[in-house]
Amino acid sequence: MDAHHTPPSLLQINLTIFLSYIFLFFLITRSTSQVLQSVNGEDHYLTTMVDNAEKNHLLYSNGNRGNAEFEVGDDEDWQMVQRQGMQFVVNNQPFYVNGFNTYWLMVFAADQSTRAKVTEVFKQASSVGMTVCRTWAFNDGAWRALQKSPSVYDEDVFKALDFVVSEAKKYKIRLILSLVNNWDAYGGKAQYVKWGKDAGLNLTSDDEFFSHPTLRNYYKAHVKTVLNRVNTLTNLTYKDDPTIFGWELMNEPRCLLDPSGDLLQDWLSEMAAHVKSIDPKHLLEIGLEGFYGPSTPNRVQYNPNTFAQQVGTDFIRNHQTLGIDFASVHIYADSWMSQTISDAHLQFVKSWMQSHVDDADKVLGMPVMFGEFGVSVKDDGYNSSFRDTFVSTVYNTILNSTKLGGSGSGSLLWQLFPEGTEYMNDGYAIFLPKDQSVSNIISLHSTRLTLFNSMCSWKCHWGCKKKHVLDTFLYHEEL
């Protein structure tokens with residue numbers, strides 16, 4: 001520090017922050033009405049306001065906002081995400097999530113020719129304020145497998161996962177790490193069943209992954225290995241690393257072998273207890289799509305189709321499992337209802353989300369994360385304007401819960417890809433530099449959530465109901 005300059009007093013710092021709020025409020029109130037009318041990214045007011053708000057909220061943000069050149073290092077704000085009632089918190093401050101999925105990060109990091117794409121996607125996500133990424137911490141028996149056979153690992157691929165975790169921290173992005181797949185991609189439960197057959201077990205269904213003791217033990221061993229992994233780049237054990245937001249038991253579990261749901265429920269109970277016995281610090285979720293099951297016949301009306309209640313999952317019952325910290329829901333109107341897009345999709349999104357928010361509020365008493373949502377360019381009638389409206393509908397429904405202090409605590413777009421990975425596109429990929437309209441919508445949502453997180457830090461205590469001047473921006477109207 002220059003000896004000729006007196007360090008600013010606490011009063012001066014607080015005054016600077018206060019003036020930043022006033023200046024930002026002036027910017028916001030001048031342009032909010034125009035911003036809220038724009039969904040296609042072409043509105044000059046939206047772009048200007050977002051740019052100005054992003055520049056100014058860095059003055060007082062509570063550390064959740066990403067910065068492409070900022071490394072967390074020993075930042076005392078980089079603490080474990082925790083749950084307080086129906087909200088996520090960091091350092092007892094609210095942490096509302098705008099995030100994304102990019103499932104292939106570990107596999108790309110395992111090859112030096114593609115590793116830079118991992119950095120690129122984190123950098124781009126950070127530039128629009130995204131703070132959480134969901135990705136796979138599994139690749140079972142497949143190409144570039146992490147787990148080549150039960151409890152046999154490729155150390156180079158594990159080092160690639162180390163890189164993903166380390167790189168995420170550099171861009172202030174936290175990770176939800178999923179531990180196995182319901183589907184065949186990257187091995188999944190089918191690979192565990194194959195391993196069982198190779199070991200001489202008499203197995204006839206992939207869903208015996210959930211029931212056979214040997215396969216359960218294979219999975220539990222994998223969980224133990226990942227959670228106890230010591231990162232070769234940071235020297236932090238995964239179970240102690242605050243870069244990890246939480247663990248996911250399985251991507252989209254289904255058990256058609258037992259539509260009653262008892263078999264999957266038993267598996268969830270055992271595996272949640274197993275995870276918590278190794279790592280009681282991190283949050284844990286299931287990875288469900290959110291279908292209502294036999295325990296709530298009055299709620300099945302919200303399912304997208306009648307088949308959804310026959311897949312062995314049960315949103316309420318499953319999330320009452322001891323050790324589960326937050327609810328997970330996915331949103332795919334186009335694959336569940338009709339591949340021809342229509343306003344009915346948007347109506348479904350609203351009712352589907354609201355029913356789960358209501359249940360998380362009134363029955364579960366936990367945060368709910370909408371862990372996957374998107375629209376495919378392969379859908380009949382697809383256009384970017386509909387995609388933008390779809391994304392805005394998800395974000396606005398979240399905000400309607402946020403403003404009430406409700407359980408709607410975050411959403412994760414499926415999915416974010418950097419340029420040069422178009423050949424991987426399943427139809428849902430968003431390329432931020434090219435998809436400017438949706439990029440603006442994402443950035444605006446990030447700004448709103450960051451402002452809300454920061455605003456809440458000024459409240460007299462957690463859950464304080466006082467009105468705030470920034471409500472004008474966050475909740476100009478019922479969205």
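Contact here means heavy atoms within 4.5 Å. Keep that in mind for the exercises below. This is a predicted model, where local features need pLDDT of at least 70, side-chain atom pairs count only at pLDDT 80 or more, and totals for chains, interfaces and linings use all residues. Residues are numbered from 1 along each chain as its sequence is written, and side-chain values use heavy atoms, with hydrogens and water left out.

**Exercise 1. Work out how helices α7 and α8 pack.**

Step 1: Locate α7 at residues 213-227 and α8 at residues 262-278. Helices (H or I, at least four residues) and strands (E, at least two) are DSSP runs, numbered from the N terminus.

Step 2: The two axes come within 10 Å and cross at roughly 30°. Axes are lines fitted to C-alpha atoms, for helices over the stretch in contact, and angles run from 0 to 180 degrees between N-to-C directions.

Step 3: That makes α7 roughly parallel to α8, a label for angles under 35 degrees.

Step 4: Check who makes the contact: among them are Tyr219 and Leu227 of α7, and Trp267 and Val275 of α8.

**Exercise 2. Is strand β11 enclosed or open, and which strand does β11 pair with?**

Step 1: Count along residues 327-331: 5 of the 5 are buried, so β11 is largely enclosed by the rest of the structure.

Step 2: Sort the side chains. Ala327, Val329 and Ile331 point one way, while Ser328 and His330 point the other.

Step 3: Follow the pairing, which needs at least two DSSP bridges between two strands. β11 pairs with β12 (residues 368-373) in the parallel sense over 5 bridges, and Ser328 stands opposite Met369.

Step 4: Carry on to β13, which pairs with β12 in the parallel sense over 4 bridges; here Val368 stands opposite Gly408.

Technical notes:
Buried means under 20% relative accessible area, exposed over 50%, partly exposed in between (1.4 Å probe, protein chains only). Angles under 35 degrees count as roughly parallel, over 145 as roughly antiparallel, 65 to 115 as roughly perpendicular and the rest as oblique.
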